[in-house]
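Biologist: I am new to this structure and would like to learn how to read it. Could you walk me through some features, one at a time?

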Amino acid sequence: MLRGDIVHYARIQPSLDVYEVLELKVRTVETDWFTGVGKRDRRVYLFSNNDLNKIVFSNRKDAISVVEKAKKGKKKLRRVM
């Protein structure tokens, strides 16, 4: 991975009901971590190299399949009013 590469982050936060794929541009690359800047929101995300091919992918289709699989397996939240 090089600075300036485009990667896709499968952002999955079940407690917030967030299941999305973000496009990031790699900003910093170190030996065991890297950062990416969101294309739309300009936020910086920090990742370990262990996250590659688990939640960070070079191919968008792979990220989408991980998000869809997580959505399918999510538990229904019971709302208390």
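Modeller: Gladly! Bear in mind that this is a predicted model.

Biologist: Is threonine 28 buried, exposed or partly exposed?

Modeller: We look at the relative accessible area: under 20% is buried, over 50% is exposed, and partly exposed falls in between. Threonine 28 has 23%, so it is partly exposed.

Biologist: Which residues does threonine 28 touch, not counting those up to four places away in sequence?

Modeller: Its contacts of that kind are Trp33, Phe34 and Thr35. There is also a C-alpha distance to note: threonine 28 and glycine 4 are 24 residues apart along the chain, and their C-alpha atoms are separated by 8.7 Å.

Biologist: Let us follow one of those contacts. Where is threonine 35, and is it buried or exposed?

Modeller: Threonine 35 belongs to strand 3, residues 33–38. With a relative accessible area of 7%, threonine 35 is buried. Leaving aside neighbours within four places in sequence, it is in contact with Lys25, Val26, Arg27 and Thr28, and also with Val44, Tyr45 and Leu46.

Biologist: What does Tyr45 touch, not counting residues up to four places away in sequence?

Modeller: Tyrosine 45 touches Tyr9, Leu22, Leu24 and Phe34, along with Thr35, Gly36 and Gly38.

Biologist: Several aromatic names have come up. How many aromatic pairs are in the whole structure?

Modeller: Aromatic ring pairs are described by the distance of the centres and the angle of the planes. A search of the whole structure finds three pairs. In one of them, the ring centres of tyrosine 9 and phenylalanine 47 are 4.9 Å apart and the planes are at 70°, so this pair is edge-to-face. The pair links distant parts of the chain, as tyrosine 9 is in strand 1 and phenylalanine 47 is in strand 4, 38 residues apart. Both partners are buried: tyrosine 9 has a relative accessible area of 13%, and phenylalanine 47 has 5%. Ring pairs link Tyr9, Phe34, Tyr45 and Phe47 into a cluster.

Biologist: And the outside? Which residues make a nonpolar surface patch?

Modeller: Met1, Val29 and Leu52 make one of about 220 Å². Methionine 1 sits in the segment before strand 1 (6–13), and its 40% relative accessibility makes it partly exposed.

Biologist: Last topic: the backbone. What is the phi of aspartate 17?

Modeller: Most residues other than glycine have a negative phi. Aspartate 17 has a positive one, near 60°. This residue is in the loop between strand 1 and strand 2 and, at 45% relative accessibility, is partly exposed. Arginine 42 also has a positive phi near 60°. Arginine 42 is in the loop between strand 3 and strand 4, and it counts as exposed at 61% relative accessibility.

Technical notes. Residues are numbered from 1 along each chain as its sequence is written. This is a predicted model: local features need pLDDT of at least 70, side-chain atom pairs count only at pLDDT 80 or more; totals for chains, interfaces and linings use all residues. Side-chain values use heavy atoms; hydrogens and water are left out. Patches are made of residues with over 30% relative accessible area and no salt bridge: like charges are joined within 9 Å, nonpolar side chains (Val, Leu, Ile, Met, Phe, Trp, Tyr) within 5 Å. Accessible areas come from the Shrake-Rupley method with a 1.4 Å probe; for residues, only the protein chains shown count as cover. A salt bridge is a side-chain nitrogen of Lys or Arg within 4 Å of a carboxyl oxygen of Asp or Glu. Helices (H or I, at least four residues) and strands (E, at least two) are DSSP runs, numbered from the N terminus. Buried means under 20% relative accessible area, exposed over 50%, partly exposed in between (1.4 Å probe, protein chains only). Contact means heavy atoms within 4.5 Å. Rings of Phe, Tyr and Trp (its six-membered ring) pair if their centres lie within 6.5 Å; planes under 30 degrees apart count as stacked, over 60 as edge-to-face and the rest as tilted.
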